[in-house]
Amino acid sequence: MSNSFKSGAILAAAFGIFVGHASAETAHIFWKDLRPATQAAAEGAGLPMIAAKMPDHGETLSLNLQDKTIQLAGYALPVDRDGDLVYQFLLVPWTGACSHMPTPPPNQIVLVTPTHPYKLSEAYQPVLVTGALKPDMEKSQLFILDGISVIQSGYIVRKAEVVSVDSVPDTITLPVNSPWSFLNKKKKN
């Protein structure tokens, strides 16, 4: 075997170990992972996890993911934007959340600050967020069609990597009579 081939093979193996190691440290989580295991979804509320139907109003956070690098898919709802560039957004588990639909409890809302401004093509665009998760109750003002709304999030991800995705694997399907049900329809290319 030639020296250049051996060097290339060693470099490729080392790179593979490094990439594998980095992937092993990122926890691919779902929305249920953000609430304590002992906390059940609210029953009969039309949508699961409605804060008003919960004894603690959804303010009990899961601390087992604190400071861990996570990946979570959800829907982006802009908090701070300039045109189509978003500097901060709320990641929510269903389309229409916080605007004409019930607001999820704090332990089902993540305040995200991307590393670089994210170009958002539409409200409630499905995205995948990667970054260090920090439990932290934070209030954000949203400017929606019918006025200002103050939303409490239970988690923060700063310096997040954000990419667009086609779907959210554990999304909540909205009722047929929801004014936001059109967002659940598959886009045609």
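**Starting point.** I am working from a predicted model.

**Core.** I looked up the largest nonpolar core first. It holds 40 residues. I then asked which members touch the most others. They are Leu34, Phe89, Leu90, Leu91, Val110 and Val129. S2 gives the most, with seven residues.

**Phenylalanine 89.** I left aside its neighbours within four places in sequence. Its contacts include Ala76, Leu77, Pro78 and Val79. Val110, Leu111, Val112 and Pro114 are also in contact with Phe89. Val127, Val129 and Val162 complete the list.

**Strand pairing.** I checked how S6 pairs with S2 and with S7. S2 and S6 run antiparallel and are joined by eight bridges. In this pairing, isoleucine 70 stands opposite glycine 131 of S6. S6 and S7 are also antiparallel, over 14 bridges. Here valine 127 has serine 164 in S7 as its bridge partner.

**Surface patch.** I turned to the outside. Phe143, Ile148 and Val150 form a nonpolar patch on the surface. Together they have about 340 Å² of accessible area. Phenylalanine 143 lies in strand S6. Is phenylalanine 143 buried or exposed? Its relative accessibility is 60%, so phenylalanine 143 counts as exposed. The cut-off for exposed is over 50%.

Methods
Residues numbered from 1 in each chain as written. Predicted model: local features only at pLDDT ≥ 70, side-chain atom pairs only at ≥ 80, totals over all residues. Heavy atoms only, no water. Core = buried A, V, L, I, M, F, W, Y, C linked by side-chain atoms within 4.5 Å. Buried < 20%, exposed > 50% of the residue type's maximum accessible area, 1.4 Å probe, protein only. Helix = DSSP H or I, 4+ residues; strand = E, 2+ residues; numbered from the N terminus. Contact = heavy atoms within 4.5 Å. Patch = residues over 30% accessible without salt bridge, like charges linked within 9 Å, V, L, I, M, F, W, Y side chains within 5 Å. Areas by Shrake-Rupley, 256 points an atom, 1.4 Å probe, with all protein chains shown as cover. Salt bridge = Lys/Arg side-chain N within 4 Å of Asp/Glu carboxyl O. Pairing = 2+ DSSP bridges.
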